[in-house]
Amino acid sequence: MNFKVCSLGCKVNSYECSALSSLLLSKGYSESKNDDCDIIIINTCSVTATADQKSRQHIRKMMKNYPHAICVVMGCYSQGNVDYICEKINPHIVVGTSHRHEIPELIEEYLTDKKPIVKVDSNPRNFKYEELGVTSFSENVRAYLKIQDGCDNFCTYCLIPYRRGKMRSRAKENIISEAKYLISQGYQEIVLTGIHVGGYGQDLDDTSFSDLVDTLCHLEGLNSLRISSIEESEIDEHLIELVTSNNVLAKHLHIPLQSGSETVLKRMNRKYDKAQFIAKLKHIRELCPDIALTTDVIVGFPGESEEEFKETFDFIKECGFNMLHVFPFSAREGTAAFLMKNQIDPSVKKERARILIELSNKLWNEYVNKFIDRYVEVLIEESLPNENASLCHTTNYINVKIANNMYKPGQKVLIKLQKSMIISK
């Protein structure tokens, strides 16, 4: 039987889809290369209200486009909205953020009984780490490696701890095994991904996140290791030493801030203050001056005043961030922030997002300009024969196009960076 797997949302969802595809292939299923499709699997997202809407629309669209296919729905949206999905959309099989590894068996059960199957556990906080097996989810020469699931932070704006469950680490030996497999398949860069990546090891007795990074950095054949995102409090001295001295670990850290106002941070239940946050960033910069530091910021959190927004704007500049990912606040039913007073008008959120995106562009241009006319090493990602060019990126994540397509994907090349080579973010 032929199957298609569709992923909505984050890289973790994409990784899980790739792992499920590998699992189905091992069971004798075939991945559909055209419209001949017997099984549709949709991994849903619920991080914002828009993500919920897209999940509903995509399920309906796939069921309409493939009316004779078995439709399987899984992921964060189905975990929290199983009743709605079953009553209003009625796919054939529904699981949440567990039981994904059972999907091949559930398909066989449906083929036998022809009865809808719903397998969504009601309490994700009891979930254990679900091993989906070795995968090869990648973008060109870059492969993603999931190391943990769930989150225990309970930020007041976020549904993820309720949908994904508690923070739980993947067995270290399975991570190392998959990393070695990816290297053997020719991937030159591995990106560590998860829901709360820096929390890895907090539920284990014999390792920590920085210990895991250290082990991976010393695997034979790995050219580059990248961390998708990490909280400031989880960047310990061991990790800073690795970023500073180990050439395998990318000179780029994405450290979520969310707000530069102490009062907003308290309402968000973010577990740090501005003093400790900026002290950590300055310490990192002192030891690794060329590192790229990027962040996430939420604008328009309930009650965010003009003064609090200005605090955020000023603090971002004080921190010396090089790029911002800006998100207008999305009220999620079931979170504490949903019930907060003084919800911000959408037009105000839009304008504050515009201001920070403009700031981000300025900060990134200033950062990139520091490297003009300097020799930098790039990792070739893709050859463009029609343009006689190659796409590549530096260790600090500057995207570059060079006028030469003779290089092979995965090759490292030393170039003199010119402004004309830089691809805008």
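**Figure 1. The cavity of the predicted model.** The count comes to one cavity of 30 Å³ or more, where a cavity is a set of points on a 1 Å grid over the protein atoms alone at which a 1.4 Å probe fits but cannot get out. This is a predicted model, in which local features need pLDDT of at least 70 and side-chain atom pairs count only at pLDDT 80 or more, whereas totals for chains, interfaces and linings use all residues. Residues are numbered from 1 along each chain as its sequence is written, and side-chain values use heavy atoms, with hydrogens and water left out. The largest cavity holds about 30 Å³ of space; a volume is the space filled by probe spheres set on the points, which are joined across faces, edges and corners. Its lining consists of Tyr15, Glu16, Tyr129, Glu130, Glu131, Leu132, Lys146 and Arg170, lining residues being those with an atom within 4 Å of a point. By class, this lining of the largest cavity has three nonpolar, no polar and five charged residues (Ala, Val, Leu, Ile, Met, Phe, Trp, Tyr, Cys and Pro count as nonpolar, Asp, Glu, Lys and Arg as charged, and the others, Gly among them, as polar).

**Figure 2. The second largest pocket.** A pocket is an open set of points with protein on both sides within 12 Å along at least five of seven lines. The second largest pocket contains about 420 Å³ of space. It is lined by 21 residues, and Lys251, Glu377, Thr394, Thr395 and Asn396 are the closest to its centre. Two or more lining residues come from each of β12 (224–227), β16 (375–384) and β17 (389–394) (strands are DSSP runs of E of at least two residues and helices runs of H or I of at least four, numbered from the N terminus). The most is given by β16, with five residues. The lining of the second largest pocket comprises seven nonpolar, seven polar and seven charged residues.

**Figure 3. Aromatic pairs.** The whole structure has eight aromatic pairs, defined as rings of Phe, Tyr and Trp (its six-membered ring) with centres within 6.5 Å; planes under 30 degrees apart count as stacked, over 60 as edge-to-face and the rest as tilted. The pair of tyrosine 272 and phenylalanine 277 is tilted, because the ring centres lie 5.2 Å apart and the planes stand at 40 degrees. Tyrosine 272 is buried at 9% relative accessibility, and phenylalanine 277 is buried at 0% (buried means under 20% relative accessible area, exposed over 50%, partly exposed in between, with a 1.4 Å probe and protein chains only). Phenylalanine 301 and phenylalanine 329 have ring centres 5.3 Å apart and planes at 75 degrees, so this pair is edge-to-face. The latter pair links distant parts of the chain, 28 residues apart: phenylalanine 301 lies in the loop between β14 (292–299) and α12 (306–319), and phenylalanine 329 in the loop between β15 (323–328) and α13 (346–369). Both phenylalanine 301 and phenylalanine 329 are buried. One aromatic cluster is formed by Tyr272, Phe277, Phe315 and Phe321.

**Figure 4. The open sheet.** Six strands form an open sheet in the order β2-β1-β3-β4-β5-β6, with parallel pairing. The edges are β2 (30–31) and β6 (117–119); each has a single partner strand, so one side of each is left without a neighbour in the sheet. Within the sheet, β4 (residues 70–75) and β5 (residues 93–95) pair in the parallel sense over two bridges (two strands pair if DSSP finds at least two bridges between them). Valine 73 stands opposite valine 94 in β5.
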